[in-house]
Every structure is written in structure tokens, then in C-alpha cells.
Amino acid sequence: MNKKWWKESVVYQIYPMSFKDSDGDGIGDLQGVISKLDYLKDLGIDVIWICPIYQSPNHDNGYDISDYCAIMDAFGTMKDFDELLAEAHARGIKLIMDLVVNHTSDEHPWFIESRSSKDSPKRDYYVWRQGKNGGPPNNWESFFSGSVWEYDEPSGDYYLHLFSKHQPDLNWKNPEVIEEIYKMVRWWLDKGIDGFRFDAIAHIVKAEGFPDADDPDNRPVVPAYQMFSNLEKVHDLLRDLNRKVLLNYDLMTVGETSGLGPEQALCYIGDERHELNMVFQFEHMQLDAAFGGTGKWELRPWNLLELKQIMSKWQTVLHGKGWNANYFNNHDQPRAVSRFGNDKLYRKESAKLLATFIHTLEGTPFVYQGEEIGMTNVRFDSIDDYRDVEILNYYEEARKERIPEETIMKAIWSKGRDNARTPMQWDSSPQAGFTSGVPWIRVNANYPEVNAEEAVADPDSVYHYYRRLIALRKAHEVIVYGDYQLLLPLHPEIYAYTRSCNESQLLVLLNFFERQPVCELPDSIELEKAELLLSNYEGSSLDSGRDFTMQPYEARVYRLS
Ligand code: TEU
């Protein structure tokens, strides 16, 4: 058992624009975060991952950086940042930051200079190509709809942007670019931060020669993930970054890598690879997408057997070889309680159920702001209330394709990223206590019932359940390091597994639905001798036989030995 602090930690993700506004401009800020550190300390978390806080024109809420070594004006100053880091450390909380190096903002001085002329010494900092047959260089589709190529009138060339046109991709083939990035990474690490979440790191290398993606239908743009995801050279670059920079520090590193399974993930996180500690995988985030990874907006119902299959595969393939980063929520995903739970009749129960799952798997659990109080999706009637560039681009493209308004809005309500980006609901005062001004995006209308003040005051709340789960992790090593074994693999409603290490064994029983199925445990499990450590229903402890009925969204954690 290879023990590490980052395996034993619970991470809390902050989306600073929506966390807490201290100065009334309607945008969250660093002083706002500082004012809530005690709340986070009480929750019991060990690490904060803060989404980008760098200088940015904010086309993609900070993921378009115009100065890597300055703080976004709306968030505060570098002095505020130093204070945040010191205050977090003083409470024993570590801080990791987003490292966004697949692209910069189109307002970054490097890009301004690169764009200024074909002979600019920084021309090669980005990816410039000539068009083909009067159109862009190839048919690759951007993550945010349309082509990945933007025509630049003055030079007559196109530049590459996998995300929005305001996010030109850096050219990782240029050693000068790499040196600049290393310098910046060292600068932040020397300030004393505790690691990074590597944004879109799977995409920094693109297919040699930028070939068209196969498309029998000859459409102008097609999904082309295989052309710029998880290519072999990414690993060379990460190993080099480790050798020259990261290995000198004691860090938590987690990569954002969509489009891979656990075997391929081991290339990033295998103990002997010296690349990253963990990666965020996306397979379970595609359970409700009709065509898997190639389009999030076409919906389908998810099913539990598939979830079991995916998560069990990640649990077993990585065991002893790598480490999982477990999550259901982040700033790019709809709220899990609305997506995989039931935010109408069983909001609290299902939020607790999902939490039990994420916190009792092998791997480091990630909690996204608001998840700990059971925040839900929103439904704004008008597209004008949405802010996310991905949503707005999708809406525009879909309208052009004459998809009915109703279908588009339904997709946005289910899958849009703004579901996760509405302001944190602190109390029942106007604007949920997030700001004294007008928030940059509307507050979810359910804040009078769903808010942190109410949750902290109610011992039966989702918040207190998270506290208990986090405390349980600290008390039982088996939750961190235990071997995962799936039980009842074909049960369509109950997800059950054990975790074992040394002499200890835990049993986790999760009823993922509203119905009340009978749970029939295998003979090897002796519930009579078991101790119920945690449950989201009172009275669960009364069951002792081999068969019993589970309540809607019931979760139980037992200690078997
Ligand atoms: O997301 C990256 C991202 O969305 C893709 O890498 C992902 O593989 C794909 O969407 C899977 O469906 C990150 C940030 O988390 C996001 O907020 C930013 O908008 C994006 O990068 C650009 O920086």
C-alpha cells in the first residue's frame, strides 16, 4: 500500500465567479473565498481546487487567460491571493490551481504579437495554417461547435482553437513555448501552492499534418477527438515537465483527460510513469449521451448496470497501479442530484446516496461547490439568461440547423454547464446571500429551501451527511486503500460492493432508485455481526437478516470486520 497525502484527501472545487462576492459587483472573488474558509474547514475537506483566477477577458470564465501571473481584476489582487493561500494553509487546507496550457486568450500578449504578422518572432507560439479549397485547413469540429479554425483576415491564414475562437491553441512543438510554460509553473509552485489540475491536457498534441477526420458524408465539420486527444507525444511532454519542474515539489496533480479507458489512463498515472497522480475520466459522464463521447446534447436515459460496469472497471484496473479521481459534479457538468438522483421528491436522500458512492470508492473524492448542500439544476425559460459560451454557441448552431427551440432548451436544461454555475446558495436572503449586487448569472429559485445556512442548522441535512462521510474516511483506512469487490452485479437497482484491506472489510449498499427493491446478500456476507457506520435513513440498523427491503435512494455503509 503506497500511502500518499493526496490519496487520503478530500478535495473541494471552487468556481470563484459563483462562490462568494465580497464587494457587491455581482462576481465572486478571492476575499469571498477567504470569508468562507471556516465553512470549508468545518466540512472537513483537505484540499481546495480553485478554477482559474488569472487575468482574463472572461469569454470562457477564466479558461481564456491573458496573463498567467496576474489575478483577474474582478477577483482581486495578488495580495488577496497570497492572503488566501496563507489563510488556507493556516487552517491545514492545501490549495491547487487550474493549469490552462492547451490555449491562452486571444488577448494574451503572445497571441497579439503572433497575430501581428507572419514574420512575428512569436508567430510560432500558436498553430497557424493556410486554408484548403477556399475553406479551413481541415474538417475538425471545435468542442464549442463550428470549425476549430478561425480565419485571420490580415494574414490570410487560419489559427487553431479546439475551444472558442477566443482561445487559440498554444503550439507545444515550439520549445520556447514550453520554456515559457515551465517558467510560469515554477513561479506558482515557488509561491507555495500544492499542485495543479491540468485543464484539457489530453489535447495539447495534435495529429501530425492535421489530416481530415474520416467522414463519408463530407460535412464541413465533424467530431475529430482522435486527432487531438491522448496522443503518444502528450506523455513525453508530461514526463519532461516532471523531470524539469514538478519532481522538485510535493504536489497533487490531476489531469483532465476525456476519451480514455482505465488501461490508457495508466499511461498518465501508472506509478512508474512519472506524469500525473490522477486523471478525471469521462466514461460515466457519457451514460446519458445518445452517442457517447461525440456529442453531449443528444440525450438518452442512463442505466445502473452500465454505471456499475464502468466504475468497476476503473476500480479494478487501477487498483495497485494507479489512483482514481472520483467525481459526479464539476463546473462543466449538470448537477448530479438532478441527473442521477431525484431533485423533486428525494433531493436530500438522493444527494446523500450519490455522496456515499463517491466517498466510498477507491480514489480521491472531489466535491464541487454546492454539492454538499444538494444544489440542483436550473431551468431558465429564455436563452438570454444563459452565460456559458458552450451553451450559446450550441444554441446558435442548433437554430441554424432548424432544431426546434423546445428540443434545444430541453438539452440545455439537462446538460448545460450553467446548471453548475449559478451562485452558491448561502442563505435565504436576496440573491441567496451570494452578493449584495446583481449576480452575473441568475440565482436558482430554490434558494429559500436549499442553502448552506439551513443545511448547517439541520443535523439531518446533506451538509452534515457530507461531514460524516468525510470524517469516516479519516477514521477507516479501508475507505482509502481497500480493494473493491462488486456484489450483485446484475441487480438493476441496487449497487453493492465491499472494500477490504488487511483485516478490515466494509460493505456499501446503494439503492439508486425510487422503488423499494429487496436486497438479497450473498451467503458470504454476515450482516448479523456487521456494524452500521452510516445510513441516510433512520431505522436501517434494524435489518439483520439476509433479505430486506431498501428505501428509496437508501445508502448504507457497514463494517463487516
Ligand atoms: O474542459 C475541457 C473539455 O471540456 C474537454 O476537454 C472535454 O474533453 C470534453 O468537453 C468532453 O466532453 C476544460 C474546462 O473544464 C472547461 O471549463 C473549459 O471551458 C475548457 O477546458 C477550455 O479551457
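Domain bounds in these exercises come from an automatic or database domain assignment. The structure is a predicted model, in which local features need pLDDT of at least 70, side-chain atom pairs count only at pLDDT 80 or more, and totals for chains, interfaces and linings use all residues. Residues are numbered from 1 along each chain as its sequence is written.

**Exercise 1. Domains and overall form**

Task: State which domains the chain is divided into, how many Å separate their centres, and what the radius of gyration of the chain is.

Solution. 
Step 1. Domain 1 is made of two segments, 102-192 and 204-250, and domain 2 covers 483-559.
Step 2. Taken over C-alpha atoms, the centres of domain 1 and domain 2 are separated by 48 Å.
Step 3. The radius of gyration is taken over C-alpha atoms, and the globule rule is 2.2 Å times the number of residues to the power 0.38. For 561 residues a compact globule would have a value near 24 Å, and the chain agrees with this at 24 Å.
Step 4. Along the principal axes, the C-alpha atoms fill a box of roughly 75 × 55 × 50 Å.

**Exercise 2. Counting elements, burial and contacts**

Task: Find how many helices and strands the chain has, what percentage of its residues count as buried, and what percentage of the contacts join residues at least 24 apart.

Solution. 
Step 1. Helices (H or I, at least four residues) and strands (E, at least two) are DSSP runs, numbered from the N terminus. The chain holds 16 helices and 20 strands.
Step 2. A residue is buried if 20 or more other C-beta atoms lie within 10 Å of its own, exposed if 12 or fewer, and partly exposed in between, with C-beta atoms placed from the backbone. Of the 561 residues, 48% count as buried.
Step 3. Two residues are in contact if their C-beta atoms, placed from the backbone, lie within 7 Å. Taking contacts between residues at least 6 apart in sequence, 67% join residues at least 24 apart.

**Exercise 3. One face of a helix**

Task: Name the buried residues of helix 5 and explain why they line one face of the helix.

Solution. 
Step 1. Helix 5 spans residues 109-116, and its buried residues are Phe111, Ser114 and Arg115.
Step 2. Seen down the axis of helix 5, these buried residues fall within an arc of 95°, so they line one face of the helix. The arc is that of the directions from the helix axis to the C-beta atoms.
Step 3. Strand 7 (149-152) is included in what covers the buried residues of helix 5.

**Exercise 4. The shell around the ligand**

Task: State how many residues surround the ligand and how the shell divides into nonpolar, polar and charged residues.

Solution. 
Step 1. A residue is near a molecule or strand if its C-beta atom, placed from the backbone, lies within 6 Å of it. The ligand is surrounded by 13 residues, and the closest are Asp60, Tyr63, Phe163, Ala200 and Ser258.
Step 2. Ala, Val, Leu, Ile, Met, Phe, Trp, Tyr, Cys and Pro count as nonpolar, Asp, Glu, Lys and Arg as charged, and the others, Gly among them, as polar. The shell has six nonpolar, two polar and five charged residues.

**Exercise 5. Positions in sequence and space**

Task: Locate Pro552 and Tyr182, and list which residues outside four places in sequence are in contact with Pro552 and with Tyr182.

Solution. 
Step 1. Pro552 sits in the loop between strand 19 (547-549) and strand 20 (555-559). It counts as partly exposed, with 18 C-beta neighbours inside 10 Å.
Step 2. Beyond four places in sequence, Pro552 is in contact with Tyr346, Glu349, Glu514 and Gln516. Leu353 is 199 residues from Pro552 along the chain, and their C-alpha atoms are separated by 9.8 Å.
Step 3. Tyr182 belongs to helix 6 (residues 175-190) and is partly exposed, with 15 other C-beta atoms within 10 Å.
Step 4. Beyond four places in sequence, Tyr182 is in contact with Leu241, Lys244 and Val245. Tyr182 and Leu241 are 59 residues apart in sequence and 7.2 Å apart in space, C-alpha to C-alpha.
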